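Q: Hi! I'm new to this one, could you walk me through it?
A: Happy to, let's have a look together.

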Amino acid sequence: MAKRAQGRLRIPFFLLTFFLLLLVGVTAAFLVGCIRTMPRFDPNVLEQQNATSTVYDAQGEVFVRLHGEENRLPVDLSKVPVELKQAFIATEDIRFYHHFGIDPKAIARAAWRIVSGRSFEGGSTITQQLVKNAFLTQEQTLKRKVQEAILALQVDRRYTKDQILEMYFNEIYFGHGAYGVQAASRTFFGKDVSELNLAESAFLAGLTKNPSRYSPFDGFENCQARQKVVLGNMVRAGYIAQEEAERAKNQSLEIRSVQGTTNRPAPYFVDYVISRLVENLLPHYGSERAVYDAVYRGGLDIYTTLDPAMQRIAEKALLDSLP
């Protein structure tokens, strides 16, 4: 009887062992597949981002900016206001300076909130968001999340936290073609990022969650609601006092009109400058495509003899002479 009972116990034990080994094998195969199909980690992708070129007039003032699909104006982290750094860290990755690229606590917290049905909350760190934008697609799959985590670990080993934060600030998308905090600041507020105050910083930090939904040109009320969330996060993180948050919430914001961000002044003159630039740079770059890449994505500073006042007078005279 004892031997028969032992035999009956062995069957569940062997089945359990078999299924555990099968699970381990499937998991291992899945991870191997993720690694094999993962984009190669190339530091140049992070360090040499596309940048917007700037055309200056005869007085050395910015006249127009040239860019391809991405309007990006790289900026050093030292030029980014403390309030903007704090707004992003408080909202996107409160343990940014304490984890190693991925945050197990945030992942566990997000998993618990999803399982308990409280909300769908992501556990991605700023480093994970950076590598997702730079190397991966936006698809919501387990495979992409695993690849994102592996790449984030590699980035965290190679760079300091401040270097990662600077690359993130120059990479993140804010909507309306604005990539990076400098382009976003100029697009929405018409000023340099270093000039942003607390209210404006919290406003920008709120846009990246969903740039189309929180566009200030399409739904300003949604933006304000999101700004309040960011300010609340900053209070809970201990970055600002509740009184500061309330003042920022009540502060009026001067948002540029969407039309003012897209019109190009003196289009014929700018086209002429570009054609001359291509002509002069062609021997150095070897092909027109390489030259145009440099003009629209190379972050060039292009100085011209244009006098904006004379240009406006000439354009008005031309319009007045037309029948």
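**A chat about the helices, core and rings**

A: Let's begin with the end of a helix: α8 is followed by G190, whose phi is positive, near 65°. Helices here are DSSP runs of H or I with at least four residues, and strands are runs of E with at least two, numbered from the N terminus.

Q: Where do these numbers come from?
A: This is a predicted model, in which local features need pLDDT of at least 70 and side-chain atom pairs count only at pLDDT 80 or more, while totals for chains, interfaces and linings use all residues. Residues are numbered from 1 along each chain as its sequence is written, and side-chain values use heavy atoms, with hydrogens and water left out.

Q: Back to α8, how many of its residues are buried?
A: In α8, 8 of the 9 residues are buried, so the helix is largely enclosed by the rest of the structure. Buried means under 20% relative accessible area, exposed means over 50%, and partly exposed is in between (1.4 Å probe, protein chains only).

Q: Which ones are they?
A: They are V181, Q182, A183, A184, S185, T187, F188 and F189.

Q: What does Q182 touch, leaving aside its neighbours within four places in sequence?
A: Q182 is in contact with L73, V75, D192 and V193, where contact means heavy atoms within 4.5 Å. Q182 has a relative accessibility of 8%.

Q: OK, new topic. Which residues touch the most other members of the largest nonpolar core?
A: Those are F174, V181 and L204, in a core of 55 residues. A nonpolar core is a set of buried Ala, Val, Leu, Ile, Met, Phe, Trp, Tyr and Cys residues joined through side-chain atoms within 4.5 Å.

Q: Which helices supply it?
A: At least two residues each come from α3 (82-92), α5 (126-135), α6 (142-158), α7 (161-171), α8 (181-189), α9 (198-207), α10 (220-236) and α11 (242-250). The largest share, 7 residues, is from α9.

Q: What does F174 touch?
A: Not counting residues up to four places away in sequence, F174 touches F88, G180, V181, A184, F188, L204, L207, T208 and P211. F174 also forms one aromatic cluster with F88, Y168 and F169.

Q: How many aromatic pairs are there in the whole structure?
A: A search finds 10. Rings of Phe, Tyr and Trp (its six-membered ring) pair if their centres lie within 6.5 Å; planes under 30 degrees apart count as stacked, over 60 as edge-to-face and the rest as tilted.

Q: Can you show me a couple?
A: F96 and Y97 have ring centres 4.9 Å apart and planes at 75°, so they are edge-to-face. F96 is buried at 0% relative accessible area, while Y97 is partly exposed at 41%. F203 and F220 form a tilted pair, 5.8 Å centre to centre with 35° between the planes. This pair links distant parts of the chain, with F203 in α9 and F220 in α10, 17 residues apart.

Q: What sits over the ring of F96?
A: The charged end of K161 does, 5.0 Å from the ring centre. To count, NZ of Lys or CZ of Arg must be within 6 Å of the ring centre and within 35 degrees of the ring normal.
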